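Please keep the sequence and the structure in view while reading.

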Amino acid sequence: HWSRSLLLKHHQWAAFSRPHAVRLTDRRALRLATELFQQDFLGEPLCSDEVLPLLVLAVPEDLLEATSPYLNLRSLRLHHGAARGLDAFEDALGDLGIVSECILYAPWP
């Protein structure tokens with residue numbers, strides 16, 4: 001169990017394709033991903049820079065055009081993959097066109 005007094009240090013990098021980089025600058029996708037982060041991740045020991053890029057890429061395309069979109073973390077394929085383990089998470093990344101080798105998150109003491 002974590003607590004706010006726990007200091008977490010990490011290295012992180014990601015390489016994005018041009019279409020993914022364009023998506024990361026889409027205001028609609030950023031807004032929806034930010035809402036998801038605020039709903040589901042503020043109580044976790046995570047920074048938005050760790051999670052937000054994946055959330056932006058995971059937002060379904062059809063919601064970007066919706067006038068009043070509703071998005072729930074549990075409705076994302078990426079979330080379902082993460083809940084079932086590393087192999088399923090990597091499969092879900094692949095469904096989004098993300099190569100898992102292009103994402104690195106390494107915690108250190």
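## A network of charged side chains

In this predicted model, a network of salt bridges links Asp26, Arg28 and Glu65.

## Overall layout and confidence

The protein contains 6 helices and 2 strands, and along the sequence these elements follow the pattern β-α-α-α-α-α-α-β. Of its 109 residues, 29% are buried, and the protein exposes about 7,400 Å², of which carbon and sulfur atoms supply 58%. Among the contacts with a separation of 6 or more, 64% are between residues 24 or more positions apart.

The mean pLDDT of the protein is 82, with 80% of the residues reaching 70 or more.

## The nonpolar core

The largest nonpolar core has 24 residues, of which Leu55, Val59, Leu71 and Leu76 touch the most other members. Two or more residues of this core come from each of helix H2 (27-40), helix H3 (48-58), helix H4 (61-64) and H6, and H3 supplies the largest share, with 7 residues.

The surroundings of Leu71 can be set out individually. Leaving aside residues up to four places away in sequence, Leu71 touches Leu32, Leu36, Gln39, Val59, Pro60, Leu63 and Leu76.

## Further salt bridges

The count of salt bridges in the protein comes to 6. In general, side chains of opposite charge can pair when their charged atoms come close. One of these bridges joins the side chains of Glu35 and Arg31, with an N to O distance of 3.3 Å. Because Glu35 and Arg31 are 4 residues apart in helix H2, about one helical turn separates them. Glu35 counts as partly exposed at 32% relative accessibility, and Arg31 is also partly exposed, with a relative accessible area of 41%.

Another salt bridge is formed by Asp95 with Arg77, whose closest N and O atoms are 2.4 Å apart. This pair, too, links distant parts of the chain, with Asp95 in helix H6 and Arg77 in helix H5, 18 residues apart. Arg77 counts as partly exposed, at 40% relative accessibility.

## Ser100 in its loop

Where does Ser100 lie in the chain? Ser100 is placed in the loop between helix H6 (86-95) and strand S2 (103-108). Apart from its neighbours within four places in sequence, Ser100 is in contact with Glu90 and Leu93. With Glu90, the link is also a side-chain one, as a polar contact of 3.5 Å joins the side chains of Ser100 and Glu90.

Notes
Residues numbered from 1 in each chain as written. Heavy atoms only, no water. Polar contact = N/O pair within 3.5 Å; in protein donor to acceptor, adjacent residues only side chain to side chain. Contact = heavy atoms within 4.5 Å. pLDDT = per-residue confidence, 0-100. Buried < 20%, exposed > 50% of the residue type's maximum accessible area, 1.4 Å probe, protein only. Areas by Shrake-Rupley, 256 points an atom, 1.4 Å probe, with all protein chains shown as cover. Core = buried A, V, L, I, M, F, W, Y, C linked by side-chain atoms within 4.5 Å. Salt bridge = Lys/Arg side-chain N within 4 Å of Asp/Glu carboxyl O.
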